[in-house]
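Colleague: I have a new model on my screen and would like to learn how to read it. Could you take me through some features?

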Amino acid sequence: MEIVYVYTKKRSEFGRQCNFSDRPAELHVDIIPDATQAENFIERNPVDNGLQHVQEMSEHEVNTERFETSTRGVNHTEGGWPKDVNSQEVEQVTRYRKKVEKDEMYINTIQQLSTVMEHCIKQNNAIDIYEEYFDDIEIDTVDEVPSAKTINVFRDPNEIKRTATSLSWFPDGPRKLAVAYCNMEFQGSSPDTSMESYIWDVENPNKPEMTLKPVSPLVCLEYNPKDSHVLLGGCYNGQIAYWDTRKGSQPVEMSPIEHSHRDPAYKALWIQSKTGTECFSTSSDGQVLWWDTRKMGEPTEKLYLDPTKKQDATKAQGAMALEYEPTMPTKFMVGCETGTIMSCNRKAKTPAEKIVALYHGHLGPVYSLQRNPFFPKNFLSVGDWKARIWSEDIRESSIMWTRQYSSYLSDGSWSPIRPSVFFVTKMDGTLDVWDIIFKQSDPTLSLQVCDEPLHSLKVQEAGRLIACGSRSGTTTLLELSEGLCTLQRNEKNLVTAMFERETRREKILDARHREMKLKERSKSSADKDKDEEDKEADLGEDDLYDKAEKEFYDIIEKEKKNLEKKQADQIDTDKADTGKQSPIAEEGEEEKTTDNEEKSDTKK
């Protein structure tokens, strides 16, 4: 039921002040009771209502603006000396000190302060507050669930975000992290995109500690393990540069563009050397170039990644990953765009011998390649939707591999502390931790780091901290639980036995596969011979006669051609030596006459 009452007012009274006054009540609507509604009425008796005598409260969350801090240092110089005393002159300072020490006020002050200081020293000596009471008691180790927690997040300070393409830890402890930023989409970055990369202080995510300013965005960045002030970088335009943090943000020296890579330098690593200045780099242009930072004018050595081992630049395969183990200074490995892994030897006698072995296994580019720190013969490769563990002895197949992921893999790394643990980043923003002793079919820990693709991964030398770089330039610093970064009892022996067992199994399968191929080949050749025999048996008498006649004429034609060739050679020798008569020619003439006589007999 809709009740409407209209109030009327003259137009001339619009805008005037309202005057309210009392008046008796007026009946506007009278609703008569409906008897049918009484039938649906249900009396509620008794009535129970619950009341809570507690003050109602609401919870609100507010994010305040980030508070940026900066550290500044001040150098204090010695002061407080009288004007007539030069603090640089030792004699004047000594003379003034002797004068002060003889003053009665100075002696009284020292005596008063000495009693207080002596009292504090006696208190400290009474009880050793750092004493350990339960050193000899063994702590029961509890098998905790593998976990990881986020410690810090470092964001790209620029408005136009770029991908964190490479990470490198400071060699002398987990205090700094170098991050290379680059937009890897071809012609996808605007002209206003920054080309800077940064070095972050792990404890200060608000502001980078130092800025690196290359001429082209950095694709990779690597600290020098021998000199923590020096960094090596590979640029998007193919140039190689190095920085000394003591000399500022600009690169100390860069390779000339005509002697550099023609594509982005995806990986650059330092080499074990006496000087600590040698390095090498690779790119998708199919080259591996060696450099010396003391002379960056041109590469010291060059290798084309040609799988045919002929050093043909047109057949070279582009590279995405590079692996170098300092304990094996002449060997290195390259992961190619085609999914092939090349094992190379720098000190080979000939260029063809520099590419030692090829490993085929991935369906797409190999994004990461690393040898196991404890077992250098076994290495990890990451590409397409799987991570694979290989043995140098077996080239046909990997010895272990992860399950097929639904999202693409982008990077991977072994744990420097535990030989059975490795880490994998994925394009769905997940970090997977695998422990092959504990579980082979599924990761031990799967952690959703962010909601965007992860592109880079770097484990700190102590094995406790992991840095992950994402597409928008956000670098997340994670701390692993104690179990994932502590060497377990008898772990090395278990991993050794596992790798040897899987290698042996692959060798047996490979031998069996070869045997089956050989049988198949011999069977197919036997079937082919049998088919030819059956075909001859099916031929009739006329067919056999035609076949024999054809073979006879083919032989005659072949002999005639050989004879004509001999005659032509003899004529050439006769021209050279006209005084001599060739007996071969005479024989040829006799043969011709006999042939003519035979032809005349057949005509008759």
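Modeller: We will go through sheets, surface, salt bridges and backbone geometry in turn.

Modeller: Two ground rules come before the tour. This is a predicted model, so to speak: local features need pLDDT of at least 70, side-chain atom pairs count only at pLDDT 80 or more, and totals for chains, interfaces and linings use all residues. Residues are numbered from 1 along each chain as its sequence is written, and side-chain values use heavy atoms, with hydrogens and water left out.

Colleague: How many bridges join E10 to E11?

Modeller: Four bridges join E10 to the antiparallel strand E11 (residues 278-282). Ala268, for instance, has Ser281 in E11 as its bridge partner.

Colleague: Which strands stand at the edges of the sheet with E6 and E9?

Modeller: That open sheet has four strands too, in the order E6-E7-E8-E9, with antiparallel pairing. Strand E6 (218-223) and strand E9 (253-254) each have a single partner strand, so one side of each is left without a neighbour in the sheet. Inside this sheet, E7 (residues 230-235) and E8 (residues 240-244) pair in the antiparallel sense over five bridges. Leu231 stands opposite Trp243 in E8.

Colleague: Now the surface. Is Ser228 buried or exposed?

Modeller: Buried means under 20% relative accessible area, exposed over 50%, and partly exposed in between (1.4 Å probe, protein chains only). Ser228, in the loop between E6 and E7, counts as buried at 12% relative accessibility. The side chain of Ser228 makes a polar contact with the side chain of Asp172 at 3.2 Å. A polar contact is a pair of N or O atoms within 3.5 Å; within protein, one must be able to donate a hydrogen and the other to accept it, and residues adjacent in sequence count only if both atoms are side-chain atoms.

Modeller: Compare Ile31, in the segment before helix H1 (35-39): at 53% relative accessibility, Ile31 counts as exposed.

Colleague: And how should I read salt bridges? How many does the structure hold?

Modeller: A salt bridge is a side-chain nitrogen of Lys or Arg within 4 Å of a carboxyl oxygen of Asp or Glu. The structure holds 29 of them. In one, the side chains of Arg346 and Glu301 meet at 3.0 Å, N to O. Arg346 lies in the loop between strand E16 (340-345) and strand E17 (355-360) and Glu301 in strand E13, so the pair ties together parts that are 45 residues apart in sequence. Arg346 counts as buried, at 14% relative accessibility.

Colleague: What separates Asp510 and Arg514 in helix H4?

Modeller: They are four residues apart in helix H4 (residues 491-538), which means about one helical turn. Asp510 is buried, with a relative accessible area of 17%, whereas Arg514 is exposed at 52%. There is also a network of salt bridges linking Lys149, Arg464, Glu479 and Glu482.

Colleague: Last, the backbone. Which residues does a cis peptide bond join?

Modeller: The cis bond joins Asn45 and Pro46, with omega about 5°. Pro46 is in the loop between H1 and helix H2 (90-101).

Colleague: Where is Asp384 found?

Modeller: Asp384 is in the loop between strand E19 (378-383) and strand E20 (386-391). Although not a glycine, Asp384 has a positive phi of about 45°, and at 3% relative accessibility it counts as buried.

Note on methods: Pairing = 2+ DSSP bridges. Helix = DSSP H or I, 4+ residues; strand = E, 2+ residues; numbered from the N terminus.
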